[in-house]
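Q: I have a model open and want to learn how to read it. Can we go through it feature by feature?

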Amino acid sequence: MKNFVHLDRVALRYGEDNEGTLALQNLSFQVDRSEFVAVVGPSGCGKSTLMKVVTGLWPPTMGRVKVGGHEVDRPLSITGMAFQNPTLLPWRTTISNIMLPLEIVEPHRSKLKHDRASYEESGRKLLELVGLEDFAGHFPWQLSGGMQQRASLCRALIHEPALLMLDEPFAALDMFTREELWLVLQELWLARRPTVILVTHDLREAVFLADRVYVMSARPGSIIAERKVELPRPRELAMSYEPFAVNMVHELREHISAARSAV
Amino acid sequence: MTEALVPIARINWRRKITRHKVFRRVLPWLVIFAIFALWQLFVMAFDIEEFVLPAPTAIFAAAWQWHLPILDNAWQTFMTTAIGFLFAILFGLLAGVAIGSSSLVYDGFYPALVGFNAIPKVAVVPILVIWFGIGTVPAVITAFLLSFFPILVNVAAGIATVEPELQDVLRALGASRWQVIRKIGLPRSMPYFFASLKVAITVAFVGSIVAETVAGNKGIGNLMLVASSRFEVPLAFAGLLMTSVMGIAMYAIASAIERKMTGWATRGTDGGTFVPAG
């Protein structure tokens, strides 16, 4: 489906009246179904605000937000989210943490009681995909940062959301773990093909993972550039060091420094 | 050669740790015993009159002599404390959830609650006597009034400080406000809640005894009042001893429940298993 996510000249001003900060202005962009899109931009450009607008957590001050052909007028229930902070619940084991969405989203919520075993089975399969199968019964504090982030990705995907929103999910990890998780994320995406919007400030990450990269301007944020990344899938880490990717990273970097100096 | 030495050193090291642990267990008892011993020496050395400061031996003798009335009154105090405390848990939890989960309720009610909490509860007891007469009811209410607030504040704090990102995760799944409270807010506030129980049970106990002293016809507080008015100071001290034993017991129960219920929040500090993560 073309334009699964469609933002049309969206503006968002925090606070009431006309006094709050203008976070987004005249922002338009589209994401097709099953497409992997990355959004990059200078810090404070409103990337996280964009996430909240798309998922319906914040209503836009102006403009229209459509997801799946419908106007967004309340929080969507088809979304999975993961953040820089893994935000696992410390009183739950890994498996029970990743099954949290199933306790909320219908139809899983009503079926969970009878089908707990089969749901748990699919939860374990997901953990296996990210290499956490031996840690299902562990508590978050028993996991390393990278493992917690894997679990957080699983939690975002367990209910098979149509839309996956990732807000700098790997920003707090060391480079090796980060690259490892890029591959994990690619694998998850290839296996399930959700529509992904990844917000990041890591340009290599954006180029390696996404089909398309949007560049945002400084606050108030709007889209100032768009690049297609035509690399074959599944991609390998080495590709991110090849001329095509390196050049694109340089080009994106220039866009961003231009956006920063424009302030 | 060194290879042969290492295990022995390690065994000694282990033994040292075990010995250290045993010492840690015994230490509180040693401290209590030392306090009583010093007290006894002090009274004997300065030849202090019994009605000023009785020696521990005299206190224990009085406690033994009067053990039936002491136990009877202690039971009364325990019951009033327990009833007041249970009400405090019930209302503290409900009000804490309401105040913690809604900024409107918080803004509206919190100042009034703080003002109410600032009133010394001893001053309320005479009013309670006018309303309910002398006896059990004012003691139960005083226990409730004192222990209600710490529970409320802690539960509210636990619920109000849920990470906004975590709320977003749930809300982006279409979770209702109540679901967010039930799945995250309540479990998250449990360590706060159980920690507050330790404080609350102790102040509830103080509340009962104060009310019994001011307006009781039974209970440890009343027993101490009667004893001191008759100059039976060792008995009054025996009553004090009883209250402190009961206080320790209740605190121990509350903290045992806390450890059982919210072990995830105090991992590692009390023998929780540690699994190194890679």
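Q: Which strand order does the open sheet of six strands in chain A have, and what is its pairing?
A: Read a sheet by its strand order first. In this predicted model, the order is β6-β7-β8-β3-β9-β10 of chain A, and the pairing is mixed. The sheet is open. Its edge strands are β6 and β10 (223–228) of chain A, each pairing on one side only. Neighbouring strands are turned by 15° against each other on average, direction ignored.

Q: How many bridges join β7 to β8 of chain A, and in which sense do the two strands run?
A: Take one pair at a time. Strand β7 (residues 163–167) and strand β8 (residues 195–199) of chain A run parallel, joined by five bridges.

Q: Which strands does helix α1 of chain A lie across?
A: Look for the strands under the helix, then take an angle. Helix α1 (residues 47–54) of chain A lies across β3 (36–40), β7, β8 and β9 (212–216) of chain A. Its angle to β8(A) is about 155°. Helix α5 (residues 145–157) of chain A lies across β6 and β7 of chain A. Helix α5 of chain A runs at about 165° to β6(A).

Q: What is the order of the open sheet of four strands in chain A?
A: The order is β2-β1-β4-β5 of chain A, with antiparallel pairing. β2 (22–31) and β5 (70–71) of chain A are the edge strands; each pairs on one side only. Strand β4 (residues 62–67) of chain A pairs with β5(A) over two bridges, in the antiparallel sense. One partner pair to find is V67(A) with H70(A) in β5(A).

Q: How many residues does each chain bring to the contact between A and B?
A: Count each side separately. Chain A gives 25 residues and chain B gives 20 residues. On the side of chain A that touches chain B, strand β6 (residues 79–83) of chain A gives the most, with three residues. By class, that side of chain A has 16 nonpolar, eight polar and one charged.

Q: Where do the domains of chain B lie?
A: Start with the bounds, then the separation. Domain 1 of chain B covers 1–47 and domain 2 covers 56–263. Their centres, taken over C-alpha atoms, are 35 Å apart.

Q: At what angle do α3 and α10 of chain B pack?
A: Helix packing needs an angle and a distance. Helix α3 (residues 67–101) and helix α10 (residues 233–261) of chain B pack at about 45°, with axes 11 Å apart. That angle makes α3(B) oblique to α10(B). The crossing of α3(B) past α10(B) is right-handed. I70(B), A74(B) and F78(B) of α3(B) meet A238(B), G239(B), M242(B) and M246(B) of α10(B). This contact has six nonpolar, one polar and no charged residues.

Q: How far apart are the axes of α3 and α9 of chain B?
A: The axes of α3(B) and helix α9 (residues 220–229) of chain B are 7 Å apart, at an angle of about 135°. That makes α3(B) oblique to α9(B). On α3(B), the contact uses P69(B), I70(B), N73(B), A74(B) and T77(B). On α9(B), I220(B), G221(B), N222(B) and L223(B) take part. The classes are five nonpolar, four polar and no charged residues.

Terms used:
Residues are numbered from 1 along each chain as its sequence is written. Chains are lettered from A and ligands numbered from 1 in the order in which they are written. This is a predicted model: local features need pLDDT of at least 70, side-chain atom pairs count only at pLDDT 80 or more; totals for chains, interfaces and linings use all residues. Two residues are in contact if their C-beta atoms, placed from the backbone, lie within 7 Å. Ala, Val, Leu, Ile, Met, Phe, Trp, Tyr, Cys and Pro count as nonpolar, Asp, Glu, Lys and Arg as charged, and the others, Gly among them, as polar. Two strands pair if DSSP finds at least two bridges between them. Domain bounds come from an automatic or database domain assignment. Axes are lines fitted to C-alpha atoms, for helices over the stretch in contact, and angles run from 0 to 180 degrees between N-to-C directions. Angles under 35 degrees count as roughly parallel, over 145 as roughly antiparallel, 65 to 115 as roughly perpendicular and the rest as oblique. A crossing is left-handed if the near helix is turned anticlockwise from the far one by less than a right angle, and right-handed if clockwise.
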